[in-house]
Amino acid sequence: MLFRSLRRLAAERGLNGVVHFPGFRQYDELAPYYGLAGGFVHVSTIEPWGLVLNEATAAGLPVIASDACGSAAELIAEGRNGWVVDPLDVEQIARRMGELATAPAERRASMAAESRRLVERVSPGRFGEGMLGALEAAVEHRRRRRGARLAGAALSLSLRAFSYR
């Protein structure tokens, strides 16, 4: 129902050649769509993370996402590569979409570069580095605890030996 309404509205406003409704696409079909896009809007009302935001920022798109999208806090620097919006505030969403659509090319290029920079913070490589650091800390903690237990055991033995004298 909403899909048909949006298509009708786009046609009534003469936007058929500008606004496209490709529908669901498989993952391996998405790259051309990201490449053709001038921005990415994701205003979900419930979204624990929102991996599509990772994809859009990695593609270098300015982004608009809802405050219900968990990844927005990590991947959007307010005003620098996009905006976080209330998914129920249609006027705010429309205002931000208008800002993005009318932004000069230099501004959009700057926003694209910032998106690429920000997504690096949550890249698989960064995740691996963090995991390796956590494992190294765990091993070091265990080594120290074991060392402390051995030192405690040695102290206990020497106290026992002393008490038998």
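**Note on pockets and cores**

1. Helix 1 (2-12), helix 2 (31-36), strand 1 (40-42), helix 3 (51-58) and helix 5 (90-102) each give at least two residues to the lining of the largest pocket. Helices (H or I, at least four residues) and strands (E, at least two) are DSSP runs, numbered from the N terminus. A pocket is an open set of points on a 1 Å grid over the protein atoms alone, where a 1.4 Å probe fits, with protein on both sides within 12 Å along at least five of seven lines; lining residues have an atom within 4 Å of a point.

2. The model is predicted: local features need pLDDT of at least 70, side-chain atom pairs count only at pLDDT 80 or more, and totals for chains, interfaces and linings use all residues. Residues are numbered from 1 along each chain as its sequence is written, and side-chain values use heavy atoms, with hydrogens and water left out.

3. In the largest pocket, 32 residues form the lining, and Val19, His20, Gly39, Val41 and Met97 lie nearest the centre. Helix 1 supplies the largest share, five residues.

4. The lining of the second largest pocket includes Tyr27, Leu51, Asn54 and Val119. Helix 3 contributes the most here, four residues.

5. The largest nonpolar core has twelve residues, among them Tyr34, Phe40, Leu53, Ala72 and Val119. Helix 3, strand 2 (63-66) and helix 4 (72-75) each provide at least two residues of this core. Such a core is a set of buried (under 20% relative accessible area, 1.4 Å probe, protein chains only) Ala, Val, Leu, Ile, Met, Phe, Trp, Tyr and Cys residues joined through side-chain atoms within 4.5 Å.

How values were computed: Buried means under 20% relative accessible area, exposed over 50%, partly exposed in between (1.4 Å probe, protein chains only).
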